[in-house]
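Biologist: Could you take me through this protein slowly? I would like to learn what the terms stand for as we go.

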Amino acid sequence: MDQPLAAAPPDLRALFADHYLDLVRLAVQLVDDPESAEDVVQEVFLHLQARGGSFTADDPLRYLRTAVLNGARSTLRRRRTLRAFRRPRPMHVAAADTASLAKEEQQRILASVAQLPPRQREVIALRYYLELPVAEVAAMLQITPGAVSASASVALKSLSAILGDRHA
């Protein structure tokens, strides 16, 4: 009797080529810092490579997104710990051309999202930035679909209050 063929493990190079930028964009939404976001995604792929480049997952993209989410959480925890023990430094002054590189409105929205609590920020990034269905967001965050909807609702009300009525 023929044995069913086992699913081939995903090719790490192909996953990197196909999903690296999208994963970095997701991480930026969570850590609000492009350099840290790239570090998070690179650490995920380095960890997989250290394990021989193979892993078993029904949905490799979901696995990678979850790993990035967890990496972003770890990065934020490290930041909180460092900030608790560091002396305050003078504020960094942005370059003169920063405003021309990114639209003011987008910066304002991103800054508003950054003010949300971590769970709400994660829900907003996964649900509205990646446009994932509620059930998938719930699975990634290990919460119920109702909790996803409630977190999104509270986050949107908070954003509306922060941004004013023109974005409601």
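**A bent first helix**

Modeller: Let us start with helix H1, residues 12–31, which spans only 24 Å between its end C-alpha atoms, while a straight helix of 20 residues would span 28 Å at 1.5 Å a residue. This is a predicted model, where local features need pLDDT of at least 70, side-chain atom pairs count only at pLDDT 80 or more, and totals for chains, interfaces and linings use all residues. Residues are numbered from 1 along each chain as its sequence is written, and side-chain values use heavy atoms, with hydrogens and water left out.

Biologist: Where does H1 bend?

Modeller: At histidine 19, by about 55°. That is the angle between axes fitted to the seven residues ending there and the seven starting there. After H1 comes aspartate 32, with a positive phi near 55°.

Biologist: Why are residues such as Leu15 and Leu26 of H1 called buried?

Modeller: Buried means under 20% relative accessible area, exposed means over 50%, and partly exposed lies in between (1.4 Å probe, protein chains only). Leu15, His19 and Leu26 are among the H1 residues on the buried list, so each has under 20%. Their cover includes helices H2 (34–50), H3 (60–85), H5 (104–114) and H6 (118–129). Across the protein, 32% of the 168 residues count as buried.

Biologist: What makes a group of residues a nonpolar core?

Modeller: The members are buried Ala, Val, Leu, Ile, Met, Phe, Trp, Tyr and Cys residues, joined through side-chain atoms within 4.5 Å. The largest core has 32 residues, and Leu26, Val41 and Phe45 are among those touching the most other members. H1 gives the largest share of this core, nine residues.

Biologist: Which residues does valine 68 touch?

Modeller: Leaving out residues up to four places away in sequence, valine 68 touches Leu23, Leu26, Ala27, Val40, Val41 and Val44. Contact here means heavy atoms within 4.5 Å.

Biologist: How many helices and strands does the protein have?

Modeller: Eight helices and zero strands, so the pattern along the sequence reads α-α-α-α-α-α-α-α.

Conventions: Helix = DSSP H or I, 4+ residues; strand = E, 2+ residues; numbered from the N terminus. Expected span 1.5 Å × (residues − 1).
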